[in-house]
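Please look over the structure shown below, and then follow the questions and answers about it.

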Amino acid sequence: MDERNRTKKAQVIDFRRDGDFFYQKGMTSFRKGDFERARHYLDRAIQFNPNAVDYLCRQAEILSELENYELSNRLLKKVVYELDSNVTDCYFFIANNYAYLGEIQEALDEIQIYLTVEPNGTFKREAEDLYQMLSSELKELEGDERPYVTEHERGRLALEHGHFDEAIHHFKQVIEDEPDFLAAQNNLSIAYFSMGDPVHAFDAVQRVLQKDPGNIHALCNLTTFFDQLGQQKDRAAVVAVLGQMCPIYPEHCGKLGSTYLLIGDYQKAYQWLNVAEKRGVHRDQVFYYWVALAAYRCGHLESARKHWRRADYFSDKPFHPFKYNKIQDMMFEADASENFMVKDLVRKALKGEEEAYRLFALFYAAAHYMHDVLSETAQRAQSAEIKRMATRIISETRSGVRDANMQIMREVEQLAGGQKEAMKHPELYSFWAVIDAMTTASENDVKGWAAALIYLWNKECGEAVTQKKIAEEAGTTVYRLRKKIHELSCALRTKWDTTPHEQGDNKI
């Protein structure tokens, strides 16, 4: 055989592109999360063999992921009603699709069929849980309002607003009326932990797990409690349990995703939050922020920007976004100055109505070298005061000479435990603004003023501190501290006495 023929023969490949070929290609895409491509390949596979049960069931699963629940159900019904009545799991998946469509009665009917033909089936527990949840929803739609549900909602709202004592009162009342209402027990544990009472928090979690050892909300709460307490061995044990879970309900997927987010496992957080979103979980500003942060940490910038826009800076939340722990953590990560979400928040705060947060945002932008933000503020800020302060910070940077009054606030930040801790107490910046207004830039007693501010702030908060201790921490003398305390006290009293009157005049 000559060289030309050998080459020609070597290029002839025996290759069969049949149904199994496209099915395997589809499964590869499915495992990668590329559901549209997976659907395309499964369509090709089904063209080769329209009655292949495996092909049809997998395509139904893909269609459900793509939120095409009606077509998914048509395929599932073809399998169990026409091709193989022994594939009884189809009834359960049909019920799930109906649930996502909001067709509650149809979903209940399919669950009843599944539990009848498979009383000990693979999805028995999930089917029973889904039946209970949907039955409750149906009763509510029909007007069968349970009194303890209203009480629980009051507690949930109190918890969301940070009124933990009130929340505990409502949840206890619910549990007294309905001991098996586990959602109240789970929320009670969160309220206790938020109050700094881990003992009662753990007791509430254990009561849930005694009744339902696999309760995903209780296990997730337990994980975050251990994480915040630094009990890493205990946390790892619970995380191992969570890793074996594969929840179906969107709210369970969301809870799992948010838990992974809170403990810093962003890959799993992004995975489960996306599943929750696709399955129709309730989405609010906090949820969109969770997805945005997880996406950002995983390098999915387009998704991060999309969800961040939807978060809308928590505009309908009862507290400023800077008070949210996960926001605080994000703003003090190593890459914070490059994070578009952080810059958006700083810009928003600089345009906001709260003086304390405007001032914090200025000092934050300076500390994180956000020169573009400072330049924009110096040129276009609506507040003349903020414009002037931004200009002063820019002048510091250009000249290399520190503004003494600005240094007072930086000393205060250090005395408070760092800028992240100071952020949690924005009133410190309002106190500083009083000092800034009453002293000149040439004032050189930086440590004395910083010590006086910290001392008076501690007194306002009811903290028992001595002038000697504060003076030592600030690096000044008790004499200088007392002198500045007197001056600042008088200025603060004047401000507090005149502010209401001035605001009243403005309203007129």
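Q: Over the face of which residue does Arg58 lie?
A: This is a predicted model, in which local features need pLDDT of at least 70, side-chain atom pairs count only at pLDDT 80 or more, and totals for chains, interfaces and linings use all residues. Residues are numbered from 1 along each chain as its sequence is written, and side-chain values use heavy atoms, with hydrogens and water left out. A charge is taken to sit over a ring if NZ of Lys or CZ of Arg is within 6 Å of the ring centre and within 35 degrees of the ring normal. At 5.5 Å from the ring centre, Arg58 lies over the face of Phe30.

Q: How far from the ring centre of Phe340 does Arg305 lie?
A: Arg305 is placed over the face of the Phe340 ring. Its distance from the centre of that ring is 4.2 Å.

Q: How are the rings of Phe193 and Phe225 paired, stacked or edge-to-face?
A: Rings of Phe, Tyr and Trp (its six-membered ring) pair if their centres lie within 6.5 Å, and planes under 30 degrees apart count as stacked, over 60 as edge-to-face and the rest as tilted. By this rule the count comes to 24 aromatic pairs. For Phe193 and Phe225 the ring centres are 4.2 Å apart and the planes are at 10 degrees, so the pair is stacked.

Q: In which helix does Phe225 lie?
A: Phe193 and Phe225 are both buried (under 20% relative accessible area, where exposed means over 50% and partly exposed in between, with a 1.4 Å probe and protein chains only). Helices here are DSSP runs (H or I, at least four residues), numbered from the N terminus. The pair links distant parts of the chain, 32 residues apart, with Phe193 in helix H11 (residues 182–194) and Phe225 in helix H13.

Q: Why is the pair of Phe322 and Tyr357 edge-to-face, and at what angle are the planes?
A: Both Phe322 and Tyr357 are buried, and they belong to one aromatic cluster whose members include Phe332 and Trp432. Their ring centres are 5.6 Å apart, and the pair is edge-to-face because the planes are at 75 degrees.

Q: What is the distance between the closest N and O atoms of Arg125 and Asp212?
A: A salt bridge is a side-chain nitrogen of Lys or Arg within 4 Å of a carboxyl oxygen of Asp or Glu, and a search of the whole structure finds 22 salt bridges. Arg125 is partly exposed, with a relative accessible area of 46%. In its salt bridge with Asp212, the closest N and O atoms are apart by 2.6 Å.

Q: Which residues does Lys78 touch, not counting residues up to four places away in sequence?
A: Lys78 lies in helix H5 (residues 69–83) and is partly exposed, with a relative accessible area of 24%. With contact meaning heavy atoms within 4.5 Å, and with residues up to four places away in sequence not counted, Lys78 touches Pro50, Asn51, Leu56 and Leu83.

Technical notes. Helix = DSSP H or I, 4+ residues; strand = E, 2+ residues; numbered from the N terminus.
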